[in-house]
Amino acid sequence: LDTVLADLKEVAQPIADDHKNTVVVMTVNHGQSELLMNFACAARYRNLDTSSVLVFATDLETKALAEGLGLATFYDKINFGNMPTTAARVYLDRTFGAMMMAKVF
């Protein structure tokens, strides 16, 4: 746990320092990548600052995508290694539930 928190602090602290302790957190898996791209592109189109956004990517593909979009990312294999990478098929299915748990914890 100490290692994970230290890794997270390394990413989150500079964001918090630059934005009066405000960090906008998004938890995303690859199945939600279209939503993430839409968010980033819409923000960029409207000249909105996304430098306070920290994406908790639950898989390496999403981490690479978020970084490619210029967003700060955090990925932890220990906690996210077994997370689903697909989108939820229906409300409250296992994938939906797993992603909700990742957002809560």
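Mentor: Let's go through a helix, a strand pair and the cores. Keep in mind that this is a predicted model.

Trainee: Okay, helix 5. Which of its residues are buried?
Mentor: Thr 95, Met 99 and Ala 102 are the buried residues of helix 5, which spans residues 94–104. They cover an arc of only 55° around the axis, so they sit on the same side of the helix.

Trainee: What do those buried residues pack against?
Mentor: They pack against strand 1 (24–28) and helix 4 (77–80).

Trainee: And which exposed residues are on the face turned away?
Mentor: Arg 94 and Val 104.

Trainee: What happens at the start of helix 5?
Mentor: A side-chain oxygen of Asp 93 comes to within 3.2 Å of the backbone nitrogen of Thr 95.

Trainee: New topic: strands. Do strand 1 and strand 2 pair in the parallel or antiparallel sense?
Mentor: Parallel, over five bridges, with strand 2 at residues 53–57. Met 26 stands opposite Val 55 of strand 2. Between the two strands the chain passes through helix 2 (residues 33–45), and this β-α-β crossover is right-handed.

Trainee: Now the cores. How many residues make up the largest nonpolar one?
Mentor: Ten, among them Val 4, Leu 54, Phe 74 and Met 99. Helix 1 (2–18), strand 2 and helix 5 each supply at least two residues. Helix 1 gives the largest share, three residues.

Trainee: What does Val 4 touch, leaving out residues up to four places away in sequence?
Mentor: Phe 74, Asp 76 and Asn 79. There is also a second, separate core of nine residues, including Val 28 and Leu 69.

Note on methods. Residues numbered from 1 in each chain as written. Predicted model: local features only at pLDDT ≥ 70, side-chain atom pairs only at ≥ 80, totals over all residues. Heavy atoms only, no water. Buried < 20%, exposed > 50% of the residue type's maximum accessible area, 1.4 Å probe, protein only. Helix = DSSP H or I, 4+ residues; strand = E, 2+ residues; numbered from the N terminus. Arc of directions from axis to C-beta. Contact = heavy atoms within 4.5 Å. Polar contact = N/O pair within 3.5 Å; in protein donor to acceptor, adjacent residues only side chain to side chain. Pairing = 2+ DSSP bridges. Right-handed = clockwise from strand over helix to strand, strands pointing away. Core = buried A, V, L, I, M, F, W, Y, C linked by side-chain atoms within 4.5 Å.
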